[in-house]
Amino acid sequence: MNTPRPKIRISRALGIALTPKAVAYFERRPYPPGEHGRKRRKDSDYSTRLKEKQRLRAQYDISETQLRAAFDRAKRSGGKTGEALIQDLESRLDATVLRAGFARTIYQARQFVTHQHVLVNGRRVDRPSYRLRPGDFVQIAERSQTLEPFVVAASGAHAEPPKYLEVTLADLVARYERTPTRDEVPVICEEQLVVEYYSR
């Protein structure tokens, strides 16, 4: 019997499916991993906030340092900190590659960027954390478009792009039209709990 992959265990621990392959495991075992996973435990306020922070980190596959920096920027934005935090994270290049339908998962999106398959406004960018601004164009490099993952993406095999992106899948080109509203971002998170975690 194969041992579940780490991402599947993380998915079960956090209560969210982080990859398509994790969905089946999560549906069969919708409880945390380990021998005590089925037992109901009442979490403390701190552990609830901590778990929500971990859920947000996992969905963007970012480090604690990166999330803290995003929170600090959101806090200085002058708007609602929780919503500004999600908007900041959503402007990341790897998140946009995922939302545009160019990748199956955030992990694959990050790999595409670091392997220099992605252009921003015609220039190669290899930093997944690169922040996009409204009007920026993201596209898969022409020499990379014949690779199987991109042929699959161009067929529309992945998620339908959100309204804040203008996407031409056949050409693997997306325009970051505007900053998304919170309800347009498909992230499972009570961001106010994350704000409370960092504000404690």
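Me: How do helix α4 and helix α5 pack, and at what angle?

Reply: Two packed helices are described by the angle between their axes and the distance between the axes. Here, helix α4 (residues 64-76) and helix α5 (residues 81-90) pack at about 125°, axes 8 Å apart. This is a predicted model, where local features need pLDDT of at least 70 and side-chain atom pairs pLDDT 80 or more, while totals for chains, interfaces and linings use all residues. Residues are numbered from 1 along each chain as its sequence is written, and side-chain values use heavy atoms, without hydrogens and water.

Me: Which residues make the contact?

Reply: Contact means heavy atoms within 4.5 Å. From α4 come L67, A70, F71, R73, A74 and K75, and from α5 T81, A84, L85, D88 and L89.

Me: Which residues of the largest nonpolar core touch the most other members?

Reply: Such a core is a set of buried (under 20% relative accessible area, 1.4 Å probe, protein chains only) Ala, Val, Leu, Ile, Met, Phe, Trp, Tyr and Cys residues joined through side-chain atoms within 4.5 Å. Of its 24 residues here, L93, V97, F102, V118 and V138 touch the most other members. α7 gives the largest share, five residues. Beyond four places in sequence, the contacts of V138 include L93, F102 and V118. Another core, of 19 residues, lies apart, with F71 and L89 among them.

Notes. Axes fitted to C-alpha atoms, helices over the stretch in contact; angles between N-to-C directions. Helix = DSSP H or I, 4+ residues; strand = E, 2+ residues; numbered from the N terminus. Buried < 20%, exposed > 50% of the residue type's maximum accessible area, 1.4 Å probe, protein only.
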